[in-house]
Amino acid sequence: MDFLRGRFEELNRDIKLPHSLDAEVLRARLEEIEEVPEERSGKVIRWRAIASVAACFVVVLGAVWFLNSGAAKSADLLNGPALAEAETAEMPETAADMAAAPADAPAEAAMPMLASAASGGAEAAYYAADYTEVRDTIYRLAGDRMLKGSFSGDLYLADGAAPEAGAVEDAAPAADAGGMIRSAPAAFSGTNVQEAGVDEADIVKTDGKYLYSYVYQNTTSQSPAIFIADAQKMTLTATIEVDPAIDEFYLDGDRLVTVGYSADELPAPKQTVVEATDDSLVDRSAASDDAAPWNGSWDGGVEMTVYDISDPAEPQEVRTFRQDGNYVSSRLMDGTLYLVSRKYVYADLTDKRTPMSDIVPVYFESGAAEPRLLPADKIAIAPDCSSADYAVVSAVNVRTGRSDTRAVLGGGDGVYMSTDNLYVYYDSWRGSVSDSESYRRTGIVKFSAGGKLDLIGTAWIDGYVDGQFAFSELDGNLRVAATAEYPVKGASNNLYVLDSGMRQIGRLEGLAPGERIYSVRYLGETAYVVTFRETDPLFAIDLSDPRAPKVLGQLKIPGFSEYLHPLDDGLLLGIGQSVDERGTANGVKLSMFDVSDPLNPKELYVYNFGGEGVWAEALSNHKAILFDEERSLFGFAVDTGFGRIVSRYYVFSYGKDADGFTLKAKISHDDFGPNAFSGVNRGLYIGNILYTFSPDWIVSYDLDSFTRKEILRLK
């Protein structure tokens, strides 16, 4: 008996087990067995119980040997029968089919383990065995803050980076072998994207015939709406009122899809924590009878709404989908919307009336009878997570409404998506660290992206990332650039390479000590990284051998680039800020880098404009930039002034053998009545016509002469 106890303790250190096979649970069962009376019938029961526990031990010990022997490769685990049974069942054809399944259906008998970044033998992510394990994990992460008398209503444990904004057009651009993202051959623009074939949402779109513009409010309307305009006639075709306000939208053929916050109260599942779990925490701190009763409603979340725009004059709402949490980001690929939110957990785990919807994500499909709790076997627990909140991820077919939802305890701050996989990342602080550990680190969760979600694995890297462009996937490997902060040596910039199983196989550390990363761009097997403190080093990093990244060349210049974009002929555009001798930003800076020889990158041309009080959304949001590679043009809105801000749309031409950058146009809508809604925020083109957008107006211009053509008032 003592031998078994000792082996269970070793198992807890070697491998993360489902809650029902946890060493503490098995040890408790042994202790209960030892208390059985020594009567004849009792001995039979006792030895049968010991045999069952021993059998569990043998199974688990065998799994440990299998994993440690090297035979259990991540691909084998992920393609094994346990995962196939849990993950690959056909999704319900209708929302009603999904609603018919019981929310508290029993979990699979053997929950699948998932691959993890194994440098150092990190434990793997795993699906919860039941709601009790979910609750106990939240309690472990939150501690006494989840017990009655100490619940403060504030459980924000992790440092949350600002939710990332998305962008992309219905017609996905294509990438050449060198990583250049080019506009589709169609004669209209798409939104600037990170990965070819992976759409992101924006506030303006075009399908080549119609213009779509989302406006929160303007001079004539205080209600959020999407305006649909005939691009050729420059007349208003229809208006879609969206209430509450959305964040952004997509076009997908004859479908328009909005995403954003949902404030509607829905009747949440009425199951309570005690009904769905055991009462061990209630026993620890008895619930008070005079506690305020729960009102039984769900306080909104994130909503996607699909409209049929086959007749743009009569758009029709066809379906909705909602899930718990604050909107993080989304992507659209091959007719499937990938929706990511972050659900914070606020719950008194000791109150018998606490609803399960307080600690488990809820989702709702149009056509379903009511919202549903996410089953426990679709909730994964990330290794070494430190935050009692979730990343909730759904894949929803835009046309059929079929959906698949998963959640990972640990949280989510941003999203990167390739054509094969979806990555959710989150920032985490460590309370105490060794000299070799960063105070901040980034957790990464990997899902397959094929219309149905499979949780592939998780990883941790030292440091924090500067948004989605810190990530890139090539040949199954994920490359990540991060800024780490160490107790003794201070800031250091590192680049990591993770294989398809999320195991770290390569790294490059110690770039630009004392600085931080401001922008990253990957072009095939080369990464370009900009750091800054007083000058702007541009590093060219060779990733042709993913196990041994190395610096090829670097360039130090004043100022810094916050966005990098590949151009033709080995050129790289940098959009950032100029700085004075004190290192203070004092205007917008355009840089043209020649990276045709990565061993010797050069800054060919610089264009500075503005001064203090000048800002551009393009510095923090790539979707705000318009590119026309055929005409060698790009444009973005620039804000100037103090007090009353004036927003103008700047259009530049560029060329390696010309003058570098030439300002072709500086467009303002103030001529039509300057007010708070006349600031230009976007530009699109169809054929030879440029369209500029503000909340009040759409204005067209000839792309050769930039003379104004027509004006449309949005009302």
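**Working through the model**

Modeller: Let me start with Val638, which touches Phe609, Val614, Trp615, Ala616, Val646, Ser647, Arg648 and Tyr650, leaving out residues up to four places away in sequence. A contact here means heavy atoms within 4.5 Å.

Colleague: Before we go on, what kind of model is this?

Modeller: This is a predicted model: local features need pLDDT of at least 70, side-chain atom pairs count only at pLDDT 80 or more, and totals for chains, interfaces and linings use all residues. Residues are numbered from 1 along each chain as its sequence is written, and side-chain values use heavy atoms, with hydrogens and water left out.

Colleague: Back to Val638, then. Where is Val638 found, and is it buried or exposed?

Modeller: Val638 is found in strand 37. Strands are DSSP runs of E with at least two residues, helices are runs of H or I with at least four, and both are numbered from the N terminus. Val638 counts as buried because its relative accessibility is 0%. Buried means under 20% relative accessible area, exposed means over 50%, and partly exposed is in between, using a 1.4 Å probe and protein chains only.

Colleague: How many residues apart in sequence are Val638 and Tyr650?

Modeller: Val638 and Tyr650 are 12 residues apart in sequence, and their C-alpha atoms are 6.9 Å apart in space.

Colleague: Now the whole chain. How many helices and strands are there?

Modeller: The protein has nine helices and 43 strands. Of its 715 residues, 57% count as buried. Among contacts between residues at least 6 apart in sequence, 56% join residues at least 24 apart.

Colleague: Take the second largest cavity. What is its volume, and which residues line it?

Modeller: The second largest cavity has a volume of about 70 Å³. Its lining is made up of Leu626, Asp628, Leu633, Phe634, Gly635, Tyr649, Val651, Tyr685, Leu690 and Leu703. By class, that lining has eight nonpolar, one polar and one charged residues. Ala, Val, Leu, Ile, Met, Phe, Trp, Tyr, Cys and Pro count as nonpolar, Asp, Glu, Lys and Arg as charged, and the others, Gly among them, as polar.

Colleague: Which strand gives the most to that lining?

Modeller: Strand 37 does, with three residues. Strand 36 (626-628), strand 37 (633-640) and strand 38 (646-655) each supply at least two residues of the lining.

Colleague: What sits in the loop between strand 36 and strand 37?

Modeller: Ser632 is found there. Its phi is near 55 degrees, a positive value in a residue other than glycine. Most residues other than glycine have a negative phi. Ser632 counts as partly exposed because its relative accessible area is 22%.

Colleague: Where else is there a positive phi of about 55 degrees?

Modeller: Asp475 has one, although it is not a glycine. Asp475 is in the loop between strand 24 (471-474) and strand 25 (477-486). With a relative accessible area of 70%, Asp475 is exposed.

Colleague: New topic. Which residues touch the most other members of the largest nonpolar core?

Modeller: Ile359, Val360, Tyr390 and Phe447 do, in a core of 66 residues. A nonpolar core is a set of buried Ala, Val, Leu, Ile, Met, Phe, Trp, Tyr and Cys residues joined through side-chain atoms within 4.5 Å. Apart from that core lies another, of 32 residues, among them Phe188, Val215, Ala229 and Ile698.

Colleague: Last one: is Asp252 buried or exposed?

Modeller: Asp252 is buried, with a relative accessible area of 13%. Asp252 lies in strand 9 (residues 248-252).

Definitions and conventions: On a 1 Å grid over the protein atoms alone, a cavity is a set of points where a 1.4 Å probe fits but cannot get out, and a pocket is an open set with protein on both sides within 12 Å along at least five of seven lines; lining residues have an atom within 4 Å of a point. Grid points are joined across faces, edges and corners, and a volume is the space filled by probe spheres set on the points.
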